[in-house]
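Hi everyone, thanks for coming. Let me put the structure up on the screen, and then we'll walk through a few spots together.

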Amino acid sequence: MTPTKTGGAEYDARMQRADRLSSPYSGATEFLEFYKHVASFQKLLHANIAASSQFRPSRGLAPGVREELDLALLLPYFRGYLSTIEQRAPAALAESARQMALQPTESWIASLEAYWKHAGVYDQQVGAFAQFLPRAFLEPYAEFSGALTQRAPLVGTTRLCPVCGSRPLLGILRPEGDGGKRFLVCSFCLQEWEFRRILCPTCGEETEDKLPIYISEDTPHIRVEACDTCKFYLRTIDLTKDGNAIPLVDDLAAIPYSLWAHEQGYTRLQPNLLGT
Ligand SMILES: [Zn+2]
Ligand SMILES: [Zn+2]
């Protein structure tokens with residue numbers, strides 16, 4: 001993935017997809033409407049990051065996604081961001097944005113730096129709700145920086161993002177020959193890497209019988225790829241079934257599947273932005 005591929009057009013596509021999915025997936029409408037405001041802010045921030053000297057092509061590739069967090073560039077946007085969240089988010093999240101806005105700058109920095117250091121690696125216990133504020137704010141920066149970071153060549157199959165070392169958020173099946181090839185999407189920098197289809201990304205189980213896949217007739221492009229050994233599951237968006245899907249957004253719309261998987265005793269490997 002190149003930086004140009006994650007430009008303004010990419011955010012527009014995400015917002016349009018959220019709009020499109022708002023009605024048929026009625027259970028997720030409130031989240032999707034809120035997500036459109038988040039993506040709109042992220043688009044603006046992304047444009048400012050892209051225009052900053054730190055990411056000029058002359059500087060070449062970034063040293064490593066987590067090595068550099070340019071708070072001088074980012075902090076001026078944080079208050080406006082909190083205000084957007086306070087106005088547009090569901091009540092509990094709006095309140096946490098209001099509380100955060102009352103904190104001194106040092107608290108903002110501590111929150112952003114903690115997320116930057118631990119996200120997708122040591123954060124299993126933190127919870128998506130507590131993480132939302134730094135995560136949604138820093139996502140465009142992580143995505144931009146991830147796209148510019150040089151990857152080591154993939155050797156075998158890696159369960160963690162080869163760019164930044166985080167756990168995967170999603171799987172994607174992309175058309176290839178008669179079937180689909182599976183990729184994983186990083187929960188932190190949103191970069192993708194190829195991953196074997198019959199292999200649990202959590203524990204490494206590779207016995208097909210232990211890796212059930214659940215698909216609903218209504219939305220055949222959304223798959224719950226579970227593992228009966230470790231009881232974790234991966235949400236996978238199947239682009240061979242719906243080429244118009246935008247994985248990040250279709251995932252947010254799939255709230256009923258999260259509830260269903262939870263009832264079956266499966267835990268999601270890494271929650272999405274909205275904690276589902
Ligand atoms: Zn990553
Ligand atoms: Zn497993």
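Let's start with a question: which backbone oxygen does the side chain of R167 reach? The side chain of R167 reaches the backbone oxygen of V121, at 3.1 Å.

Before going on, a word on the ground rules. This is a predicted model, where local features need pLDDT of at least 70 and side-chain atom pairs count only at pLDDT 80 or more, while totals for chains, interfaces and linings use all residues. Residues are numbered from 1 along each chain as its sequence is written, chains are lettered from A and ligands numbered from 1 in the order in which they are written, and side-chain values use heavy atoms, with hydrogens and water left out.

Back to R167. You'll find R167 in the loop between α7 and β1 (168-176); helices here are DSSP runs of H or I with at least four residues, strands are runs of E with at least two, and both are numbered from the N terminus. R167 has a relative accessible area of 12%, so R167 is buried, meaning under 20% with a 1.4 Å probe and protein chains only. The side chain of R167 also makes a polar contact with the side chain of Q270, at 2.8 Å. A polar contact is a pair of N or O atoms within 3.5 Å; within protein, one must be able to donate a hydrogen and the other to accept it, and residues adjacent in sequence count only if both atoms are side-chain atoms.

Another arginine, R17, lies in helix α1 (residues 8-21). R17 counts as buried because its relative accessibility is 7%. Its side chain has a polar contact with the side chain of D242, at 3.4 Å.

Now to the helices. Helix α2 (residues 29-51) packs on helix α7 (residues 128-148) at an angle of about 45°, their axes 9 Å apart. Axes are lines fitted to C-alpha atoms, for helices over the stretch in contact, and angles run from 0 to 180 degrees between N-to-C directions. That makes α2 oblique to α7: under 35 degrees is roughly parallel, over 145 roughly antiparallel, 65 to 115 roughly perpendicular, and the rest oblique.

Helix α4 (residues 78-88) meets α7 too: their axes come within 11 Å and cross at roughly 120°. α4 and α7 are therefore oblique to each other. In contact, with heavy atoms within 4.5 Å, are F78, Y81, L82 and I85 of α4 and F132, L133, A136 and F137 of α7.

Methods. Buried means under 20% relative accessible area, exposed over 50%, partly exposed in between (1.4 Å probe, protein chains only).
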